[in-house]
Amino acid sequence: MLDSIRTRLTLWYVGVLALALIVFSAGVYLLLAGNLRRRMDESLRTSAESIAISVVPQREEGETEAEAAHSTVDELHLLNQAMAIFDAEGRLFAEKATPGNDHARLPPLDSIPAGDLRLYTEPGDDGEGQRVAARRVKIGEA
């Protein structure tokens with residue numbers, strides 16, 4: 001049966017078409033995955049900036065660090081994002097979990113650059129990673 005030229009030519013065409021479809025699909029997947037990651041990082045960057053901008057006025061109004069953290073967490077609504085505010089020693093002031101009960105975790109303090117945002121992927125319990133943004137904010141003497 002495989003001795004037929006027609007059969008061998010058909011299998012050859014099927015193989016070439018399958019290879020072309022696999023290469024095209026992989027290219028589209030990689031393109032979309034990169035775009036999704038960039039959009040997610042930008043969303044996390046914006047959320048971290050919103051949290052930092054919201055804490056400063058609360059603190060300047062005379063609230064304690066803990067009160068400013070609780071006010072910020074209560075006032076901000078981030079869609080499907082957990083947020084947490086820690087003090088300089090890494091103690092939790094206030095947090096809000098995601099609707100799926102995922103909590104924000106603090107990376108090692110020395111891994112967060114001063115004045116810049118750290119974006120990284122943290123492995124999750126379910127085998128999927130979570131994208132995390134961590135930022136230091138200096139408020140007055142705090």
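**Exercise 1. Confidence**

Task: In this predicted model, find which element of the protein chain has the lowest mean pLDDT and which the highest.

Solution: 
- Start with the elements. H2 has the lowest mean pLDDT, 84. H1 has the highest, 92.
- Then take the whole protein chain. Its mean pLDDT is 85. Of its residues, 94% reach 70 or more.
- Keep one caution in mind. Where pLDDT is low, predicted coordinates should not be read in detail.

**Exercise 2. The largest nonpolar core**

Task: List the residues of the largest nonpolar core, then state which elements give two or more residues to this core.

Solution: 
- The core has 10 residues. They are Ile 51, Val 55, Ala 69, Val 73, Leu 76, Leu 78, Met 83, Ile 85, Ala 94 and Ile 139.
- Now pick one member, Ala 69. Leaving out residues up to four places away in sequence, Ala 69 touches Ile 85, Phe 93 and Ala 94.
- In soluble globular proteins, nonpolar side chains tend to be buried together.

**Exercise 3. A patch on the surface**

Task: Name the residues of the nonpolar surface patch that includes Val 16.

Solution: 
- The patch consists of Leu 9, Trp 12, Tyr 13 and Val 16. Together they have about 460 Å² of accessible area.
- Locate Val 16. This residue lies in helix H1.
- Buried means under 20%, and exposed means over 50%.

**Exercise 4. Salt bridges**

Task: State how many salt bridges the whole structure has. Then examine the bridges that involve helix H1 residues Asp 41, Glu 42 and Glu 49.

Solution: 
- A search of the whole structure gives five salt bridges.
- Take Asp 41. Its side chain meets that of Arg 131 at 2.7 Å, N to O. Arg 131 sits in strand S4 (residues 129–135) and Asp 41 in helix H1, 90 residues apart. Both residues are buried.
- Take Glu 49. Its partner is Arg 135, with the closest N and O atoms 3.4 Å apart. This pair also links distant parts of the chain: Arg 135 is in strand S4, Glu 49 in helix H1, 86 residues apart.
- Arg 135 has 33% relative accessibility, so it counts as partly exposed. Glu 49, at 35%, is partly exposed.
- Take Glu 42. It pairs with Arg 45 at 3.6 Å, N to O. Both lie in helix H1, three residues apart, about one turn of the helix.
- Finish with a network: salt bridges link Asp 87, Glu 89 and Arg 91.

How values were computed
Residues numbered from 1 in each chain as written. Predicted model: local features only at pLDDT ≥ 70, side-chain atom pairs only at ≥ 80, totals over all residues. Heavy atoms only, no water. Core = buried A, V, L, I, M, F, W, Y, C linked by side-chain atoms within 4.5 Å. Buried < 20%, exposed > 50% of the residue type's maximum accessible area, 1.4 Å probe, protein only. Helix = DSSP H or I, 4+ residues; strand = E, 2+ residues; numbered from the N terminus. Contact = heavy atoms within 4.5 Å. Patch = residues over 30% accessible without salt bridge, like charges linked within 9 Å, V, L, I, M, F, W, Y side chains within 5 Å. Areas by Shrake-Rupley, 256 points an atom, 1.4 Å probe, with all protein chains shown as cover. Salt bridge = Lys/Arg side-chain N within 4 Å of Asp/Glu carboxyl O. pLDDT = per-residue confidence, 0-100.
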